[in-house]
Amino acid sequence: MTSKQRAYLRGLAMKLDPVLQIGKASITPELTKAVDEALEARELIKLHVLKNCFDDPRGIAETLAERTRSQVVQVIGKKIVLYRESRDKKALSPDKKKVLPVPPKKSKRSK
């Protein structure tokens, strides 16, 4: 993921409300499954780590990204933003654009 793509996703994530909350049980198989389902449905999700969770939010984000095959867009304080392109293309409506913009190809200039 390029820095421009990451910046674009951060801009989209600003308007999102957290979909899931991570509590004192931290990362459980049920949480991982819920995150996986949310990523499949929405592609871009925001999570909130509660105060009673003593694990590091960055570590939680990396672990969830590894288990769900997603990418960490950002971690700010106790908020985590994850992105994964939907595997089921049929779930996307035809008028919905892709969330992640494709970077432009570099052109070669002749001298």
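**Figure 1. Ser26 in the loop between β1 and α2 of the predicted model****.** Ser26 counts as buried because its relative accessibility is 11%, and the cut-off for buried is under 20%. This residue is located in the loop that joins β1 to α2. The phi angle of Ser26 is near 60 degrees, which is a positive value in a residue other than glycine. Most residues other than glycine have a negative phi.

**Figure 2. Ile27 in the loop between β1 and α2****.** Ile27 is placed in the loop between β1, residues 20–22, and α2, residues 29–42. With a relative accessibility of 22%, Ile27 counts as partly exposed, whereas Ser26 counts as buried at 11%. Leaving aside residues up to four places away in sequence, Ile27 touches Thr32, Ile60, Thr63, Leu64 and Arg67. One of these residues, Ile60, is 33 residues from Ile27 in sequence, and the C-alpha atoms of the two are 7.2 Å apart in space.

Figure 3. Thr32 and Arg67 lie 35 residues apart along the chain, and their C-alpha atoms are separated by 7.2 Å.

**Figure 4. The crossing of helices α2 and α3****.** Helix α3 comprises residues 57–68, and its axis comes within 10 Å of the axis of α2. The two axes cross at roughly 65 degrees. Angles of 65 to 115 degrees count as roughly perpendicular, and α2 and α3 are therefore described as roughly perpendicular to each other. The crossing of these two helices is right-handed. On the α2 side, the residues that meet α3 are Leu31, Thr32, Val35, Asp36 and Leu39. Their partners in α3 are Leu64, Arg67 and Thr68. By class, this contact of α2 with α3 has 4 nonpolar, 2 polar and 2 charged residues.

**Figure 5. Glu43 in the loop between α2 and β2****.** Glu43 lies in the loop that connects α2 to β2, the latter being residues 44–49. Glu43 is buried, because its relative accessible area is 3% and the limit for buried is under 20%. Its phi angle is near 75 degrees, a positive value in a residue other than glycine.

**Figure 6. Gln5 in helix α1****.** Gln5 belongs to helix α1, which spans residues 3–13. With a relative accessible area of 10%, Gln5 is buried. The side chain of Gln5 reaches the backbone nitrogen of Thr2 at 2.9 Å. Gln5 and Val73 are 68 residues apart in sequence, and their C-alpha atoms are 9.4 Å apart in space.

**Figure 7. The setting of the close-up views within the whole protein.** The protein contains 3 helices and 4 strands. Read from the N terminus, these elements follow the order α-β-α-β-α-β-β. Of the 111 residues in the protein, 33% are buried. Among contacts between residues at least 6 apart in sequence, 67% join residues at least 24 apart.

Note on methods. Residues numbered from 1 in each chain as written. Predicted model: local features only at pLDDT ≥ 70, side-chain atom pairs only at ≥ 80, totals over all residues. Heavy atoms only, no water. Buried < 20%, exposed > 50% of the residue type's maximum accessible area, 1.4 Å probe, protein only. Contact = heavy atoms within 4.5 Å. Polar contact = N/O pair within 3.5 Å; in protein donor to acceptor, adjacent residues only side chain to side chain. Axes fitted to C-alpha atoms, helices over the stretch in contact; angles between N-to-C directions. Parallel < 35°, antiparallel > 145°, perpendicular 65-115°, else oblique. Left-handed = near helix turned anticlockwise from the far one by under 90°. Nonpolar A, V, L, I, M, F, W, Y, C, P; charged D, E, K, R; others polar.
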